Amino acid sequence: MSEVQILASVETFLQRQHGHFIHGQHLEVDRRRIELINPATEQVVSSIAVGNQQDVDAAVHSAHDAFLNAWANTSSYERGQKLNKLADLVEQHAEELAQLETLTTGKLIHLARHLEVAQTAVFLRYFAGWATKIHGQTMQPSIPSMNGEKYTAYSIRQPVGVVAGIVPWNFSLMIGCWKIGSALTTGCTIVLKPSEFTTLSLLRLAELAIEAGIPAGVINVVTGTGETGQYLINANHIKKVSFTGSVPTGIAIGQQAMKNDLTRVSLELGGKNAAAILADANLDEILPTLLQATFVHQGQVCAAPERFFVHQSKYDEFVEKVTGAIQQIKIGSPLDESSMFGPLSNQPHFEKVKHYLDIANQNDQVICGGQVIQGTGYFVEPTLLKVQGIDDPLFIEETFGPVVDVIPFESDDELIRMMNHSRFGLTASIWTNDLAKALRLIPQIEAGSVWVNMHTFLDPSVPFGGVKASGLGREFSDAFIEDYTELKSVMIRY
Ligand code: NDP
C-alpha cells in the first residue's frame with residue numbers, strides 16, 4: 001500500500017485555528033469547537049468553530065451589504081468572468097482541495113480529484129456562462145384603447161438577494177459550488193453553512209474566491225452544527241434557502257422558511273433509488289457501469305441506486321455475477337490510489353449503516369458482504385441484500401450507504417408498482433437494449449431523473465431534483481433561474 005504524499009499547504013491549512021469566512025476575511029472566533037475526524041484513521045485532523053447567532057448575523061449582514069453594493073455594481077459579464085476565474089483557481093489548487101476532501105470524508109483520492117474537484121470547475125464554468133443570458137420578455141397587453149393610447153409590457157428578472165446555502169457532508173465542495181454558481185450568476189450573494197463533518201474545502205474555496213476578484217461579502221461561510229443552520233435560515237435578509245440534505249431536516253426547513261414571510265426554498269433531499277434490469281439486458285456489459293454507479297463513494301450519493309429490480313429470468317445469474325464482482329472490490333485507505341472502496345464518512349453515519357447491516361444479518365438477508373471491517377476506521381463491506389417483501393424497512397428506508405437490495409419481478413406492471421412503492425422519488429434507471437420498452441416505462445416512473453443504461457450521472461445542462469419527498473425545485477440547466485430570481489412585470493401606457 002502506498003499513500004499519496006500530503007501537500008505542505010494542506011498540512012498548514014489543517015493546523016490553522018479555523019473560524020468563519022466573513023466579508024472576505026478569515027474571522028477567528030472564541031467559540032465551542034468541533035474536531036474533524038479522518039474516517040479512515042479515526043484521528044483528529046483539524047477543528048472548526050460552532051457559529052452562534054452573532055456570527056450568522058455578521059455573515060448575513062456582510063452578504064446583504066455586498067448584494068446592495070459590490071455585487072449589484074458588478075456587470076453580468078464580470079460576474080461570469082469572476083466565476084470562470086474561480087474555476088481556474090479550483091483547477092490550480094485541485095490536489096490541495098482533493099486532499100482536504102479525502103482527509104475529512106474518506107472519499108477515494110482519485111474520486112476527489114476526478115469527480116469532486118474536476119466537476120466543481122465544470123459546474124462553475126457552466127453557471128458562469130448563464131450570467132449574460134438571463135433575461136425577461138416583452139408582452140403585448142390586450143387592454144382596449146379608448147382614446148388612441150397604447151400599452152406595452154415587459155418583464156425583468158432580478159436577483160432575490162441573500163441566499164442561505166446549507167450543504168451536506170458527502171460532496172461538500174461540489175454541492176457548495178452548485179449553490180455558489182447559481183447565486184452568483186443571477187446576482188445574488190450567499191452565506192454557506194457546510195456540514196460540521198466536512199467544512200474545510202469550502203473554507204478554502206472562499207479564500208480562492210477573493211483571489212478570483214469576487215468582492216468581499218459575496219461568499220461567506222459560517223461553520224457549525226444544525227443549530228448554526230437554524231440561525232441562518234431565520235436570519236433577517238435571507239430571501240432564499242437552498243438546502244441539500246436529508247428528508248426530515250429538509251421538511252422542517254421548508255416549513256420554517258414558509259413561516260418566515262414565504263422565504264423561497266429549494267430542497268434536494270434523499271432517495272431510495274431503483275435500477276430496473278430488464279429481461280434482455282446483457283449482464284456482462286452492464287454490471288461494471290451499474291456497480292460503479294451503486295458503490296461510488298461507498299454508496300453515499302443521493303442519486304445512487306439502493307434497489308435493484310431484476311427480471312425473474314435473469315435473477316440467479318445477476319445475483320451470482322454481482323456477488324462475484326463485489327468480492328473483487330479492493331477496500332482500503334482512501335489515500336491509496338489503488339483502493340476501490342474506502343470508509344464511510346463519519347461515525348454517526350457508520351453507526352446508522354451498521355444498524356441496517358445488523359438487521360439484515362439477524363434476519364438472514366445478506367447475500368454478500370454485510371460485515372463491518374474490524375480495526376481502525378469506519379469501513380463496512382459493500383453489501384447485497386434480499387428483502388422480505390416491499391414493506392421491509394430495508395426496502396423502504398434510505399441507508400445512504402453501500403447497501404443495496406435485489407428483488408425479482410415478472411411483469412412491467414409489477415416492476416412499476418414496486419419501483420414506485422416509496423415515499424422518495426429522486427432517481428431511477430432502466431437497463432435494456434429495448435428502447436421502445438424503456439420509452440414506455442419512463443413516464444410511469446415517479447422520479448425526478450430517469451437514466452437508461454446509466455445511473456448517478458449529473459450534468460450541469462440537465463435539470464436535477466426530486467419528486468415526492470425527495471425534494472422541491474430543480475438545479476442546473478435553466479431550471480435554477482426561476483428559484484434565484486424574482487420576475488418583475490412592467491406595464492407602460494403611452
Ligand atoms: P442532514 O439533513 O443531516 O444535514 C444536511 C445539512 O443540514 C448539514 O449541513 C447539517 O449540518 C444541516 N442541518 C442539520 N440540521 C439542521 C437544521 N435543523 N437546520 C438547518 N440546518 C441543519 O443530511 P446529511 O448531511 O446527513 O446528508 C445526507 C442526506 O442528504 C441523505 O439523506 C442524502 O440523500 C441527502 N443528499 C441529497 C442530495 C440531493 O442532491 N438530493 C445530495 C446529497 C445528499 P450538520 O452536518 O452540521 O448537522
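Reader: At what angle do helix α1 and helix α4 pack, and how far apart are their axes?

Author: For a helix pair, start with the angle and the spacing of the axes. In this predicted model, α1 (residues 8-15) and α4 (residues 94-105) pack at about 50°, with their axes 9 Å apart. The two helices are therefore oblique to each other.

Reader: Which hand does the crossing of α1 and α4 have, left or right?

Author: Hand is the next thing to read off. Here α1 passes α4 in a right-handed crossing. On the α1 side, the contact is made by Ser9, Val10, Phe13 and Leu14. Glu96, Gln99, Leu100 and Leu103 make it from α4. Sorted by class, the contact of α1 with α4 has five nonpolar residues, two polar and one charged.

Reader: How do helix α2 and helix α8 pack?

Author: Go through the steps again. Helix α2 covers residues 53-71 and helix α8 residues 226-234; their angle is about 45° and their axes lie 9 Å apart. That makes α2 and α8 oblique to each other, too. The crossing of α2 past α8 is right-handed. Gln53, Val56 and Val60 of α2 meet Thr228, Tyr231 and Leu232 of α8. By class, this contact of α2 with α8 counts four nonpolar and two polar residues, with no charged ones.

Reader: Now the cysteines. How many disulfides are there?

Author: Check the distance between sulfurs: a disulfide needs a pair within 2.5 Å. The count here is zero.

Reader: Is Cys177 buried or exposed, and what about Cys188?

Author: For that, read the relative accessible area; under 20% is buried. Cys177 is buried, at 0%. Cys188 also has 0% relative accessibility, so that residue counts as buried.

Reader: Last one: where does Asp412 sit, and which residues does Asp412 touch?

Author: Asp412 is in helix α14 (residues 412-419). With a relative accessible area of 27%, Asp412 is partly exposed. Leaving aside residues up to four places away in sequence, Asp412 touches Lys437 and Leu441. As for Arg440, 28 residues from Asp412 along the chain, the C-alpha atoms of the two are separated by 10.0 Å.

Key
Residues are numbered from 1 along each chain as its sequence is written. This is a predicted model: local features need pLDDT of at least 70, side-chain atom pairs count only at pLDDT 80 or more; totals for chains, interfaces and linings use all residues. Side-chain values use heavy atoms; hydrogens and water are left out. Buried means under 20% relative accessible area, exposed over 50%, partly exposed in between (1.4 Å probe, protein chains only). Axes are lines fitted to C-alpha atoms, for helices over the stretch in contact, and angles run from 0 to 180 degrees between N-to-C directions. Helices (H or I, at least four residues) and strands (E, at least two) are DSSP runs, numbered from the N terminus. Angles under 35 degrees count as roughly parallel, over 145 as roughly antiparallel, 65 to 115 as roughly perpendicular and the rest as oblique. A crossing is left-handed if the near helix is turned anticlockwise from the far one by less than a right angle, and right-handed if clockwise. Contact means heavy atoms within 4.5 Å. Ala, Val, Leu, Ile, Met, Phe, Trp, Tyr, Cys and Pro count as nonpolar, Asp, Glu, Lys and Arg as charged, and the others, Gly among them, as polar.
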